[in-house]
Amino acid sequence: MLELGKVANELSLHVGFLGLGIMGSPMAQNLIKAGCDVTVWNRTKSKCDPLLSLGAKYKASPEEVASSCDITFAMLADPESAVDVACGKHGAANGMSPEKGYVDISTVDGPTSKSISRRIKATGALFLEAPVSGSKKPAEDGQLIFLTAGDRPLYEKAAPFLDIMGKSRFYHGEVGNGAAMKLVVNMIMGSMMASFSEGLLLSEKVGLDPSVLVEVISQGAISAPMFSMKGPSMVQALYPTAFPLKHQQKDLRLALGLAESVSQPTPIAAAANELYKVAKSHGLGDEDFSAVMEAVRTKMEGTSED
Ligand SMILES: NC(=O)C1=CN([C@@H]2O[C@H](COP(=O)(O)OP(=O)(O)OC[C@H]3O[C@@H](n4cnc5c(N)ncnc54)[C@H](OP(=O)(O)O)[C@@H]3O)[C@@H](O)[C@H]2O)C=CC1
Ligand SMILES: O=CC(=O)O
């Protein structure tokens, strides 16, 4: 644990937050509520408004945020947006300099993270990748799990802020290892959700009550918070978005790339990825990733003999 005086010192730093989507907004909100000095930016400016009314400051570009802050956090959708916000025109790197730090929380692949790291570090600043495990509710509750890697001094400096937004943090060494850990976790999660969807639909088709299946699973060895949380709405074909399906498919795609890079067979994840692709092509990308069940349903109906 960090000593109290050091924590108070770190918390007086100016903090930037780029990307105020489902995750970024509650994370930044928790920093503000904890009394941190927070400056925000988001591509769609209106998403900054609730945070400004809580006391956040606003800057018109990632570059301006970075140049006015000691540590800048970024929570962007995917590799393309993470690179654009960090390295593009008016990107954060243009506002970085020695003594500053950039913490990228977005879920991206290792090569993307390394290229952002190189650009940030070329300015003399420090870089930390810190993707999170945990969805909308853990973000709201400050219960995220940080999977960090990169410059250790920045990890130490950012720790008090990570501890406001999360319940635990892991340091994995070299840049790319945090991204890899996150992709492996989400590869498992995506496959689990696809398998759960198949089970719910099969139970229904053979005349069982899928709600009872959810209850049975919750009491046994394959119990998982994800099944208990999402199962009740899935049996009603409701998918309120916490983790957008398009992001889960992105994570599976990136995880398959990671597996490919070491010639690791991942047939289950590859099959799950196909289902998420089908769901996306049916316009379900912005629904919760549990809407993959609709892709399974379509396949079942496609193979039905009736
Ligand atoms: N939701 C979840 O449960 C979890 C998500 N993650 C990961 O965290 C990241 C963010 O997820 P989440 O908050 O759910 O995603 P959202 O889709 O809700 O938010 C994405 C953010 O990225 C911004 N953005 C997208 N494209 C661009 C671009 N080209 N240039 C600048 N900004 C851009 C959006 O801006 P705008 O508002 O203008 O669209 C928004 O701020 C993703 O990498 C996701 O995989 C990790 C753990 C859990
Ligand atoms: O990336 C999603 C999550 O729930 O973790």
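Author: In this predicted model, a residue is called buried when its relative accessible area is under 20%, exposed when that area is over 50%, and partly exposed in between.

Reader: Which residues of α5 are buried?

Author: In helix α5, which spans residues 79-87, the buried residues are Pro 79, Ser 81, Ala 82, Val 85 and Ala 86. They lie on the same side of α5, because the arc they cover around the axis is only 170°. The face turned away from that buried side carries Glu 80 and Asp 84, both of which are exposed.

Reader: What covers the buried residues of α5?

Author: The cover, judged by heavy atoms within 4.5 Å, includes the strands β1, β2 (37-41) and β5 together with the helices α4 (62-68), α6 (110-121) and α12 (245-261).

Reader: What makes a right-handed β-α-β unit with α5?

Author: The unit consists of β4, then α5, then β5. The term right-handed applies because, with the strands pointing away from the viewer, the path from the first strand over the helix to the second runs clockwise. Within this unit, β4 and β5 (residues 101-104) pair in the parallel sense over 4 bridges, with Ile 71 standing opposite Gly 101 in β5.

Reader: What makes both faces of β4 count as covered?

Author: In a regular strand the side chains alternate between the two faces of the sheet. In β4 (residues 71-74), Ile 71 and Phe 73 on one side are buried, and Thr 72 and Ala 74 on the other are buried as well.

Reader: Why is Lys 182 called buried?

Author: Its relative accessibility is 6%, and the limit for a buried residue is under 20%, so Lys 182 falls in that class. Lys 182 is found in helix α9 (residues 177-205) and, leaving aside residues up to four places away in sequence, touches Thr 107, Pro 131, Val 132, Ser 133 and Leu 147. An unreviewed UniProt entry lists Lys 182 under "active site".

Reader: Why is the contact of Glu 156 with Arg 152 called a salt bridge?

Author: The closest N and O atoms of the two residues are 3.0 Å apart, and the criterion asks for a side-chain nitrogen of Lys or Arg within 4 Å of a carboxyl oxygen of Asp or Glu, so the pair qualifies. Being 4 residues apart in helix α8 (residues 152-165), Glu 156 and Arg 152 are separated by about one helical turn. Both are partly exposed, Glu 156 at 27% relative accessibility and Arg 152 at 39%.

Reader: Which parts of the chain does the pair of Asp 286 and Lys 246 tie together?

Author: The side chains of Asp 286 and Lys 246 meet in a salt bridge at 2.6 Å, N to O. Asp 286 lies in the loop between α13 and α14 and Lys 246 in helix α12, so the pair ties together parts that are 40 residues apart in sequence. Asp 286 counts as exposed at 52% relative accessibility, because the threshold is over 50%, whereas Lys 246, at 35%, is partly exposed.

How values were computed: Residues numbered from 1 in each chain as written. Chains lettered and ligands numbered in written order. Predicted model: local features only at pLDDT ≥ 70, side-chain atom pairs only at ≥ 80, totals over all residues. Heavy atoms only, no water. Buried < 20%, exposed > 50% of the residue type's maximum accessible area, 1.4 Å probe, protein only. Helix = DSSP H or I, 4+ residues; strand = E, 2+ residues; numbered from the N terminus. Pairing = 2+ DSSP bridges. Arc of directions from axis to C-beta. UniProt positions renumbered as here; feature names shortened; annotations may be inferred.
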